[in-house]
Amino acid sequence: MMIRAASMQDLHRIEEIYEYARAFMRANGNPHQWSDYGYPEHELLTEDIEKQQLFVIEERGGIHGVFAFILGDDPTYGVIRDGDWPNALPYGTIHRIAQDGTIKDAVRAALGFALQYIPQVRADTHPDNLPMRHTLEKNGFRRCGIIYLKSGDPRIAYQYSKE
């Protein structure tokens with residue numbers, strides 16, 4: 001697998017991958033996460049590309065996965081309930097990770113990429129997203145508690161610590 005920064009030319013394929021991910025979540029007991037058709041929105045993806053914080057996972061000559069990797073504090077992680085962060089060290093966050101069903105280990109690939117830049121990586125997911133929860137835990141992320149999005153929706157928060 002190869003990971004590279006996404007470009008505007010990749011946008012159509014990225015949106016196809018997110019459509020696949022939304023359908024996969026609905027079919028696997030998670031009808032609420034990304035339930036609004038079109039999330040993540042075209043504008044958000046464009047902004048992520050412009051900020052050089054959206055990345056694609058390539059294999060066998062095609063794009064099969066996508067994720068945002070953002071360095072620095074995430075405002076939604078400022079308050080955590082029913083737990084605590086293991087430390088207050090600087091961290092990066094993996095958001096909006098998705099794949100098209102043709103590859104395995106997209107989370108492992110994204111984590112490996114993130115760890116090249118910072119030893120603390122956070123992520124979160126909807127409580128109903130059992131496949132993602134399992135994948136995060138299988139890849140060494142520790143469940144830390146519950147955070148809340150701006151909308152008030154809860155998410156299970158995780159952190160990976162290389163140290």
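I took buried to mean under 20% relative accessible area, exposed over 50%, and partly exposed in between, with a 1.4 Å probe and protein chains only. For helices (H or I, at least four residues) and strands (E, at least two) I used DSSP runs, numbered from the N terminus.

I note that the model is predicted, that local features need pLDDT of at least 70 and side-chain atom pairs pLDDT 80 or more, and that totals for chains, interfaces and linings use all residues. Residues are numbered from 1 along each chain as its sequence is written, and side-chain values use heavy atoms, without hydrogens or water.

**Entry 1**

I asked how many of the six residues of β5 are buried. Six of the six are, over residues 120-125, so the strand is largely enclosed by the rest of the structure.

I next looked up the strands that pair with β5, where pairing requires that DSSP finds at least two bridges between two strands. Strand β4 (residues 92-99) runs parallel to β5 and is joined to it by two bridges. On this side, Thr-93 stands opposite Arg-122. Strand β7 (residues 154-161) runs antiparallel to β5, and six bridges join the two. Here Arg-122 stands opposite Gln-159, and Gln-120 has Ser-161 as its bridge partner.

I also traced the path from β4 to β5. Together with helix α3 (residues 106-115), these strands make a right-handed β-α-β unit. A crossover is right-handed if, with the strands pointing away from the viewer, the path from the first strand over the helix to the second runs clockwise.

**Entry 2**

Strand β6 (residues 142-148) pairs with β7 in the antiparallel sense over six bridges. Within this pairing, Ile-147 is the residue whose bridge partner in β7 is Arg-155. I recorded β6 and β7 as a hairpin with five residues between them, and in the turn Gly-152 has a positive phi of about 95°.

**Entry 1. Gln-159**

Another, of 2.9 Å, joins the side chains of Gln-159 and Gln-120.

I then listed contacts, meaning heavy atoms within 4.5 Å. Leaving aside residues up to four places away in sequence, Gln-159 touches residues including Trp-85, Pro-86, Val-121, Gly-140, Phe-141 and Cys-144.

Most residues other than glycine have a negative phi. Arg-60 lies in the loop between β2 (54-59) and β3 (62-71) and is exposed, with a relative accessible area of 60%. Asp-82 has its place in the loop between β3 and β4 and counts as exposed at 72% relative accessibility.

**Entry 2. Helix α4**

I found Lys-138 in helix α4 (residues 130-138), where it counts as exposed at 55% relative accessibility. Lys-138 and Val-107 are 31 residues apart in sequence, and their C-alpha atoms are 9.8 Å apart in space.

**Entry 3. The whole chain**

Read along the sequence, they follow the pattern β-α-α-β-β-β-α-β-α-β-β. The radius of gyration, taken over C-alpha atoms, is 15 Å, close to the 15 Å that the globule rule (2.2 Å times the number of residues to the power 0.38) gives for 163 residues, so the chain is as compact as a globular protein of that length. Of the 163 residues, 48% count as buried. Residues 24 or more positions apart account for 67% of the contacts with a separation of 6 or more.

Notes:
A polar contact is a pair of N or O atoms within 3.5 Å; within protein, one must be able to donate a hydrogen and the other to accept it, and residues adjacent in sequence count only if both atoms are side-chain atoms.
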